[in-house]
Amino acid sequence: GAEAPYVIAYEKSSLEDFSAARKLNAYLYFDLHFLFSSIAEMGLSAMDFKRRITADDYNAWGDQTGHTIEKGVPYRDYLDSLDPHPATTVSEGSYSAKAVSGFLAWASDHGVIVVGGFPTYAQGEPVSAEAETALKTFYTSRGHYFLSLKNKGRYPKADFFDTVYHLTEPAQVEHSKLVGLELKKLLDL
């Protein structure tokens, strides 16, 4: 099934329990979408077409790197054209709220401390006091914390890389420093 590529790449020891036919199926597993995508990518590669993001853009922890100000220049016009209006409310019955609530319950059951906060986002529509209270209540009513930076996670568009969510690396560092200082206060470290 769909787990075959994972088994072949990372769990070869599991193949010991497979029948010969099942082993063959695992080694030869693919789907048509994968086949056509692979052929297209090989053709583009032969034409010296370079992908915007490749495996080389990720570090050992799976984080995308290279969000420099210089590499963000091609996205400047796009970012400047946006009128950011982030979602800043919590709809208790939404799929997202249910998923996060489930995670918060799991975290409580396993002694994990969760600290919610605003996502980083381009300055635009201000975060209302009601929205901030609703988000804070969402986390604290479930036994966790909420961290509200003075800037509520809002930064100038010039601090973003390719979307109004992805900060450039210098801005990521500054944001991390702010979060670290506030976490230290919040958790009384």
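Two rings of Phe, Tyr or Trp (for Trp, its six-membered ring) are taken as a pair if their centres lie within 6.5 Å, and a pair counts as edge-to-face when the planes are over 60 degrees apart. On that basis, a search of the whole structure, which is a predicted model, finds six aromatic pairs.

- F118 and F146 form an edge-to-face pair, with 5.3 Å from centre to centre and 85° between the planes.
- This pair links distant parts of the chain, since the two residues are 28 residues apart: F118 belongs to the loop between β1 (115-117) and β2 (121-122), while F146 belongs to strand β3 (residues 145-147).
- F118 has a relative accessibility of 9% and therefore counts as buried, and F146 is likewise buried, with a relative accessible area of 8%.

**The pair of F138 and Y139**

- The ring centres of F138 and Y139 are 5.5 Å apart and their planes stand at 80°, so this pair, too, is edge-to-face.
- Both F138 and Y139 are buried.

**Arginines over aromatic rings**

- R22 lies over the face of F18, where the distance from the ring centre is 4.0 Å.

Notes
Residues numbered from 1 in each chain as written. Predicted model: local features only at pLDDT ≥ 70, side-chain atom pairs only at ≥ 80, totals over all residues. Heavy atoms only, no water. Phe/Tyr/Trp six-rings, centres within 6.5 Å; stacked < 30°, edge-to-face > 60°. Helix = DSSP H or I, 4+ residues; strand = E, 2+ residues; numbered from the N terminus. Buried < 20%, exposed > 50% of the residue type's maximum accessible area, 1.4 Å probe, protein only. Lys NZ or Arg CZ within 6 Å of the ring centre and 35° of its normal.
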